[in-house]
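Morning, everyone. Please bring the structure up on the screen. I'll go through it in short steps.

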Amino acid sequence: MVGTWDTRNVVRLFNGVGALVMFSVVIGAYAIQFIFLEPPCPLCLLIRIGMLATGFGLVLNALFGPKPIHYGFALLGAIFGILVSLRNIALHIVPGTGSYGDAVFGFHLYTWAFLVFMAIVIAIAVVMFFQRQFDEPTGQAPRIVNLVAVIALAVGIFLAAANTFTTAVECELGPCPDNPTRVL
Amino acid sequence: MMAALFLVWLGAFVAAAKGRRNLSIVIGLAALILSLAMFRYHVSDNITLSL
């Protein structure tokens, strides 16, 4: 049976894609870590956590259907990420204080992270305008909606597990070094 | 310590994968609070730290 494209299912798909966007930023950070051999700083790791937290809230929407508590979780994760990335930007905002890592398309990664977090906050606010997503009964969803939700969840699990491993190797049991030298 | 934090997040994702929505939200909220504590730990008045 083919599902219906009602507001609820469209929003579920949007949330699944949004989660994949958040996770793709972490994949990009991994690429820079291993291709350009640039080890992540402690605040960079916390920004990854912000991405995972925001993606987690969006994955819950994609899996279980849109609910205010899921959006609230995603917003808290994004606000956490904004706090961390702003702190990282502020550390280098004074001319002559240098920067951490190389710039990508003119911005450093923590600046890009701040922009991504702001964009997802705005996107969530706009999507929450659509009240029918909370009122409509749970119906048969098109296959692509469930597929994207499962893929987003799998990517989230993989990234959380991968970061657990690579961070354990980089930082061992103590606090992460402020100026890390080990990529892995 | 940071690796343990990622492990808690992994637990939240796994709980969601098992269909335990409420449990995943509880674990996720705990992980978020721990993440805030970790952020506070890495914020220092010394600008040479916490790069």
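First, the residue classes. Ala, Val, Leu, Ile, Met, Phe, Trp, Tyr, Cys and Pro count as nonpolar; Asp, Glu, Lys and Arg count as charged; the others, Gly among them, are polar. With those classes, the lining of the largest pocket has 17 nonpolar, six polar and three charged residues.

A word on sources. This is a predicted model, where local features need pLDDT of at least 70, side-chain atom pairs count only at pLDDT 80 or more, and totals for chains, interfaces and linings use all residues. Residues are numbered from 1 along each chain as its sequence is written, chains are lettered from A and ligands numbered from 1 in the order in which they are written, and side-chain values use heavy atoms, with hydrogens and water left out.

Back to the pocket. On a 1 Å grid over the protein atoms alone, a pocket is an open set of points where a 1.4 Å probe fits, with protein on both sides within 12 Å along at least five of seven lines; lining residues have an atom within 4 Å of a point. How much space lies in the largest pocket? About 420 Å³. Of its 26 lining residues, the closest to the centre are Val25(A), Ala29(A), Ile32(A), Leu109(A) and Tyr110(A). Helices here are DSSP runs of H or I, at least four residues, numbered from the N terminus. In chain A, α1, α2 and α4 (109–127) each give two or more residues to the lining. The largest share, seven residues, comes from α1(A).

Now the aromatic rings. Rings of Phe, Tyr and Trp (its six-membered ring) pair if their centres lie within 6.5 Å; planes under 30 degrees apart are stacked, over 60 edge-to-face, the rest tilted. The count is nine pairs over all chains. Take Tyr71(A) and Phe134(A): centres 6.0 Å apart, planes at 85°, so edge-to-face. That pair links distant parts of the chain, with Tyr71(A) in helix α3 and Phe134(A) in helix α5, 63 residues apart.

Buried or exposed? Buried means under 20% relative accessible area, exposed over 50%, partly exposed in between (1.4 Å probe, protein chains only). Tyr71(A) is buried, at 1%. Phe134(A) is partly exposed, at 25%.

Next, Phe107(A) and Trp112(A). Their ring centres are 5.2 Å apart with planes at 70°, so this pair is edge-to-face. Phe107(A) is partly exposed, at 38%, and Trp112(A) is partly exposed, at 31%.

Last, a cluster. Phe23(A), Phe56(A), Phe73(A), Trp9(B) and Phe13(B) form one aromatic cluster.

Conventions. Points joined across faces, edges and corners; volume = space filled by probe spheres on them.
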